[in-house]
Amino acid sequence: MKRIALILLLGMAVLVAGCTQLAGIKQSPDITLADIELEKLGFLEQRFLVKLRIRNPNDVALHINGMTFDVELNGTPFAKGLSDKAVTVPRMGETVIEVKATSTLGMVWKQLSQLQKSGHDKVDYRLFGRLFLRGLSSSIPFEQKGDVSLPFDRVENLEKF
C-alpha cells in the first residue's frame, strides 16, 4: 500500500512540474526560415540544410528536444523535416538551429516551373510544424508565413534551366 501511495505521489509531482512549465509559456514561439541550402542533389530526392530562427517571447526558457516541420513555397508542398536536436532558447531570447529537410524531384520541379512562369522575384513560404518540449507529453504547434526575395540573377538562371 505504501508503494502505491509513493508511486501516485511521484506521478503527481511530475504532472505538477509539467503543468508549471506549460503555465510559464504564455505566447507561442516565433519560428522563421533563416536560410535553406541544398546539401545533396539526387535523382529521386534532395536534401536541404534548413536554418530556423526560434524567438522565445516568454519569461521562461524553452527546452526543445525535437520538432517536425513542413515547408510550402507558393502554396505548394516543398520539403519535410524533423529533428531530435536538443536546444534551449533563453527567456526573451532567440537562437538559430540547423535541421535537415527532404524534398522529392516532383516537388522541386513544380517550384522551378512556377518560378519560371511567374517571373516574380519573391517566393511566398509557409513553415508549420510542432515543437516538442522537455518534460511535456504534448507538443506546441507553430506556423509562420512570409516571403523571400530571390536575387535577380537566380531568376534569370531559372529561365535557362
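## Leu52 and its neighbours

Leaving aside residues up to four places away in sequence, Leu52 touches Ile31, Thr32, Leu33, Ala34, Met67, Thr95, Val96, Ile97, Val99 and Leu127. A contact here means heavy atoms within 4.5 Å.

Leu52 also belongs to the largest nonpolar core, which has 29 residues. Together with Ile64, Met67, Phe69 and Leu127, Leu52 is among the members that touch the most other members. Each of these strands supplies at least two residues of the core: E1 (30-41), E2 (45-55), E3 (62-73), E4 (76-83), E5 (87-89), E6 (94-104), E7 (122-133) and E8 (139-149). Strand E3 gives the most, with six residues. By definition, a nonpolar core is a set of buried Ala, Val, Leu, Ile, Met, Phe, Trp, Tyr and Cys residues joined through side-chain atoms within 4.5 Å. Buried means under 20% relative accessible area, exposed means over 50%, and partly exposed lies in between (1.4 Å probe, protein chains only).

## The model and the whole chain

Residues are numbered from 1 along each chain as its sequence is written, and side-chain values use heavy atoms, with hydrogens and water left out. Because this is a predicted model, local features need pLDDT of at least 70 and side-chain atom pairs count only at pLDDT 80 or more, while totals for chains, interfaces and linings use all residues.

Now for the overall plan. The chain has three helices and eight strands, and along the sequence they follow the pattern α-β-β-β-β-β-β-α-β-β-α. Helices (H or I, at least four residues) and strands (E, at least two) are DSSP runs, numbered from the N terminus. Of the 161 residues, 31% count as buried. Among the contacts in the chain with a separation of 6 or more, 65% are between residues 24 or more positions apart. The accessible surface comes to about 10,400 Å², and carbon and sulfur atoms own 59% of that surface. Such areas come from the Shrake-Rupley method with a 1.4 Å probe; for residues, only the protein chains shown count as cover.

## Salt bridges

How many salt bridges does the structure hold? There are ten. A salt bridge is a side-chain nitrogen of Lys or Arg within 4 Å of a carboxyl oxygen of Asp or Glu. In one of them, Arg53 pairs with Glu94, and the closest N and O atoms are 2.8 Å apart. Arg53 lies in strand E2 and Glu94 in strand E6, so this pair ties together parts that are 41 residues apart in sequence. Arg53 is partly exposed at 25% relative accessible area, and Glu94 is partly exposed at 40%.

Glu94 also forms a salt bridge with Arg55, where the closest N and O atoms are 3.0 Å apart. Because Glu94 is in strand E6 and Arg55 is in strand E2, this pair ties together parts 39 residues apart in sequence. Arg55 is partly exposed, with 33% relative accessibility. Asp30, Arg53, Arg55 and Glu94 are linked in a network of salt bridges.

Another salt bridge joins Arg126 and Glu143, with the closest N and O atoms 2.7 Å apart. This pair links distant parts of the chain, since Arg126 is in strand E7 and Glu143 is in strand E8, 17 residues apart. Both ends are partly exposed: Arg126 at 24% and Glu143 at 45%.

## Two loops to look at

Is Asn58 buried or exposed? Asn58, in the loop between E2 and E3, is buried, with a relative accessible area of 3%. A polar atom of the Asn58 side chain lies 2.8 Å from the backbone oxygen of Gln27. Not counting residues up to four places away in sequence, Asn58 touches Gly24, Ile25, Lys26, Gln27, Arg91 and Met92.

Leu44 sits in the loop between E1 and E2 and counts as exposed, at 64% relative accessibility. With Phe43 and Leu105, Leu44 forms a nonpolar patch on the surface, and together they have about 360 Å² of accessible area. Patches are made of residues with over 30% relative accessible area and no salt bridge; like charges are joined within 9 Å, and nonpolar side chains (Val, Leu, Ile, Met, Phe, Trp, Tyr) within 5 Å.

How values were computed: Polar contact = N/O pair within 3.5 Å; in protein donor to acceptor, adjacent residues only side chain to side chain.
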